[in-house]
Amino acid sequence: MSSLLKVEGLVTRLRNGAAIVDGISFEIAAGETFALLGESGCGKSMTALSLMRLLPDGVQNAGGTVQMEQASLFELPEREMRNVRGGKMAMIFQEPGLSLNPVMTVGQQIAEVLELHQDLNADAVLQRSVELLDQVGIPDAARRIDEYPFQLSGGMKQRVMIAMALAGSPRLLIADEPTTALDVTIQAQVLQLLRDTQVKSGMAMLLITHDLGVVAETAHRVGVMYAGQVVEQASRDELFTQPLHPYTQKLFAALPSAGRAGQSLSAIPGSVPPLGSITNGCRFAPRCDKAWALCHEQTPAWTVVGEGQGVRCHLYSCAVSTVLSTESASQLSVPSIQNSALSTQRSVLLQVSDLRVHFPIRKGLLQRVVGSVKAVDGVSLSIPKGRTLALVGESGCGKTTLGKSLLRLVPATSGSVQFDGKELIGTGASRATMQMVFQDPYASLNPKMRVAEILEEGMSALNIGSNSTERQKYIDGLLDKVGLARDSKWRYPHEFSGGQRQRIAIARALAVSPQLLICDEPTSALDVSVQAQILNLLKSLQDELGLSYLFITHNLGVVEYLAHEVCVMYLGRIVERGTTQEVMHSPKHPYTQALLSAVPRIDGEGRTFIKLEGDMPSPSNPPSGCHFAPRCAHVMPTCSSYPETVELSATHRVSCHLFN
Amino acid sequence: MNFIPVILWSDALVFLLIAACITATLYVRRREHLLLPWRRVAQSSMAMVSLLVLSLFLLVGLLDTLHFRIALPQSNNGEKVYSPEVLSVFDKVVEPLRTHTEKTYSAPFALTLYAKESMTDAQGNIVREYPRLRFGGAHLADEAARDGDIAKRASVGALMGLLAGGVLMLLVRRWFAQTAVLVTILIAGTLIGAIANLSTAYHVLGTDKVGADVLYLSLKSIRTGLIIGTVTTLVTLPLALFLGVAAGYFRGWVDDVIQYIYTVLSSIPSVLLIAAAVLMMQVTIDTHPEWFTTSASRADLRLVFLCLILGMTSWTGLCRLLRGETLKLREMEYIQAAQSFGVSSMRILTRHIMPNVMHIILIALVMDFSGLVLAEAVLSYVGVGVDPSMISFGTMINGARLEMGREPMVWWALAAAFSFMLVLVLAANLFADAVRDAFDPRLNRTEVK
């Protein structure tokens, strides 16, 4: 198989000499998808930008060659390079909202590429643009072509980005985390589109991602990156059946799933080493439990293991290692019997009934209320003591608003929230009993306050601890509990990594000794290895302190790992609830089924993907009758009325006419 | 006692400001984590050089703020009578500069006036000639000896200044190790020494229309500029900060009311508003002569009122900026985290929002400072600025403006005001920039503990 793109010894450096990308080599054949897998900060995106020769200021190429169809890209003059970009090699980015120009129509933006790379007249450009939009599955393309990006949803924008990338008929498509910002159902649509396009056009694809599931679904071959180096390269099947490098093995082990519920995840200690700190020896050695003296002294060389498979690890360069490598692959995973204790036996801590949060839409000179956004529309749920309830749903379904209304950060329109038998709505009851852990650890800590001040704030607001010294003592205990050094309390949040910041945020919530923590996607901004650390922490805190969690997430692996019960939310209402076992393994509602099937899984061979058409409707104007009906495959005439909740078992409830 | 101290309104405000600064310093000194950013400021040579320059200006301004009246030899029924002229310590320090006034314009280092006059010479003929100055270079018999004399005086002064600077440098070396600071001390010492020595015999920057020394005017203007800059800021800051942050944080009717106020206020042409207010105030002052014992106190009250009025009209820009920033900040998750603890709104405003808008305030204030000094010049031109008897950059520029069209041009008054303002504003900008950097936790890592 002749390669379309051949990268050899690519080195990219900062001006101060620190290598971001350090000697990367790989090949991509036509029609093949090569995935670069790695955690944030390991140099994936910089590799892509190096190939395009679009490196930001302060970063420069420092060696290596890139061959693309006989042309050496680093030797081309800038004029010819411009033809390569877009014409031979196109790129799509992570955030579709930011990569489209908001003041140009979709058609203009596609036409711009067409005019540059294809010699077409105005009519042909228009026609081709419509074709492209059709090709990427945008309905009613002829009309959409005159729309502006803000009129499109996130998935649509990413489709337009793909259409733009395809406009120059590139031989290679670089996709930099193309679905990270999208919901699972939309992600499934986009990945499907990418695969279909590749089959049709025979182009090669360089997929950059941190998501093992996406790799498993899309890639043919995989390169695992760590700290600027490719540490392992293999075909997808080889990698997923027998990962060789300890780092890759750890990545798999760190993934939360149902099989690991009950036991702690094998988190990778520490974090990716900072740039420029790299010295002799293996870069992963400080975090590797298989490291021995040689690993710290000598940088491991690239060892070819099999056909197209290689690894950068001393384990495989020495003969001794064969014994070691096999043992790790057979990691024991005994699924503990979880979820056996039925929640009904426990006393109920939080009881929410028929909670509604409506935001009024005001219009006109007098700001008259003309309608309302029904973010939360009649939700009932209960959380027993010491249990975890997961709230699952796509973005915009109202799960965060629900969490905030429980904390009274958003006023509830009607309904009741009883905490430990006491009504919270409309009363000034103490806030100490419930706290929240937010999604983005970079936005949830005040950058101008030191850790000690952050932790003390809640305590002093709720009069916990009589004086400052007492509180400081308590803070020391808290830091121990969440696994941070005591002296870190005199530092500012920016001096901590994402995972450490999330620990601080958890410590802040724990400072007032709450009984219920509302975790709003607490790990979605973190890397897989760090996510495992945080999930372990949450789990051990639950065991230790008997906390209850309301876990808001879209990551179903996390749900299976951590939750006892699951509620699936769609457009402000809960459509299905039950124990994790029931919902995850025998989902009843068509939406739950579609949602579960859309999640890319590393063991996802042979599952059927239920394609969901279109996007979620606006909560200001929900479809009459069953909200899911317009996207549902099993839609019936009775769906024009909203279905009653049906009890399938003592714990499993679903709102769908199929079960009436 | 031979004199009586006089505390004008603006003096009182300055003393209040100094007291606040001292209290803040004492407060910060006892808290290590607050002291840390200031240590970083002290380590930055750019900050210390600009602070050094700034402190020279502050020193002049401060000396000029200590006012007194001298006792006259006459007495009124045994009671001492004090001169109606209010002097400052600075006036005493530069006594020769103040008293050496010529008849009218003269160029820098000139020996003669700028315009020819009819004179009677020794023979009794009336000739048109450049008359010699009364003070500038009066000690020289021969006009040709001027250049040599200037060089001699300048080098003697420079040497003295260098010596003083060297002594000072040795004294402060323990605290300020940066070479740039030490070099600045030497340069400043040399320059001040040379100018000081020259100014006893010449008008280094020439004289203005009424023959006053331009160097003296420039130095006196510093106080007016500083007062307009700082006191106006004192008025602007609480209004802009409190209203802007409150509007952004509370939204709803609070936001509506505050927005209406500042929209209305900023849509009134500010020069007209200021003119109307100043004129009203002037009428009040004129109808109550019994309120003022001296003309200086009358001019001073006008200055304070001008600051107030400038402050009242110029807070809207900063307020709008802060409102926007607060709108962004209030959606941050750490604010919501604080709300979920039940932290009071006032505390959220002061602990979470205000520290996070400080960089905007700092930059906006320093930028405003130069704008205010210029605004004063514009207002003086319209006739509603400071009292005509008060020396300020505005009145200097205004006076020089008409002479720009003259041939040959009278350039020195304008050039002097320009360069003094430039150095002052530039030093303030650079210092504020360094302070902002030192306080930005993202740019700095904690070194201690």
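Mentor: Let's start with a term: buried area is the accessible area that two parts lose on being put together, summed over both. Keep in mind that this is a predicted model.

Trainee: Okay, so how do I read that for the two chains here? How much do chain A and chain B bury between them?

Mentor: The general idea is that the size of an interface is often given as the accessible area lost when the parts come together. Here, chain A and chain B bury about 2700 Å² between them, and 55% of that is on carbon and sulfur atoms. On the chain A side, Lys448(A), Glu457(A) and His494(A) lose the most area to chain B, together 24% of what that side buries.

Trainee: And how many residues does each chain bring to the contact?

Mentor: Chain A gives 30 residues and chain B gives 24 residues.

Trainee: What about polar links: how many salt bridges and how many residue pairs in polar contact are counted between the chains?

Mentor: The salt bridge count is zero, while eight residue pairs are in polar contact, both residues at pLDDT 80 or more. As for which elements are involved, α16 (451–461) and α18 (498–510) of chain A each give two or more residues to the side that touches chain B. The largest share, five residues, comes from α16(A). By class, that side of chain A has 13 nonpolar, seven polar and ten charged residues.

Trainee: Let's move to the sheets. How do I read strand order?

Mentor: Strands of a sheet pair through backbone hydrogen bonds, either parallel or antiparallel. In chain A, one open sheet has eight strands in the order β6-β7-β8-β3-β9-β10-β12-β11, with mixed pairing. Its edge strands are β6 (89–92) and β11 (303–306) of chain A, each pairing on one side only. The twist averages 20° from one strand to the next.

Trainee: What packs on that sheet?

Mentor: Helix α8 (184–201) of chain A does, touching β3, β6, β7 and β8 of chain A; its direction makes about 160° with that of β8(A). Inside the sheet, β3 and β9 of chain A pair in the parallel sense over four bridges, and Phe34(A) has Arg221(A) as its bridge partner in β9(A).

Trainee: Which strands make up the antiparallel sheet, and in what order?

Mentor: That open sheet has four strands of chain A, in the order β2-β1-β4-β5. β2 (19–29) and β5 (71–72) of chain A each have a single partner strand, so one side of each is left without a neighbour in the sheet. Helix α1 (44–52) of chain A packs on this sheet, touching β1, β2 and β4 of chain A, and its direction makes about 70° with that of β2(A).

Note on methods. Residues are numbered from 1 along each chain as its sequence is written. Chains are lettered from A and ligands numbered from 1 in the order in which they are written. This is a predicted model: local features need pLDDT of at least 70, side-chain atom pairs count only at pLDDT 80 or more; totals for chains, interfaces and linings use all residues. Side-chain values use heavy atoms; hydrogens and water are left out. Two strands pair if DSSP finds at least two bridges between them. Axes are lines fitted to C-alpha atoms, for helices over the stretch in contact, and angles run from 0 to 180 degrees between N-to-C directions. Contact means heavy atoms within 4.5 Å. Buried area is the accessible area (1.4 Å probe) that two parts lose on being put together, summed over both. A salt bridge is a side-chain nitrogen of Lys or Arg within 4 Å of a carboxyl oxygen of Asp or Glu. A polar contact is a pair of N or O atoms within 3.5 Å; within protein, one must be able to donate a hydrogen and the other to accept it, and residues adjacent in sequence count only if both atoms are side-chain atoms. Ala, Val, Leu, Ile, Met, Phe, Trp, Tyr, Cys and Pro count as nonpolar, Asp, Glu, Lys and Arg as charged, and the others, Gly among them, as polar.
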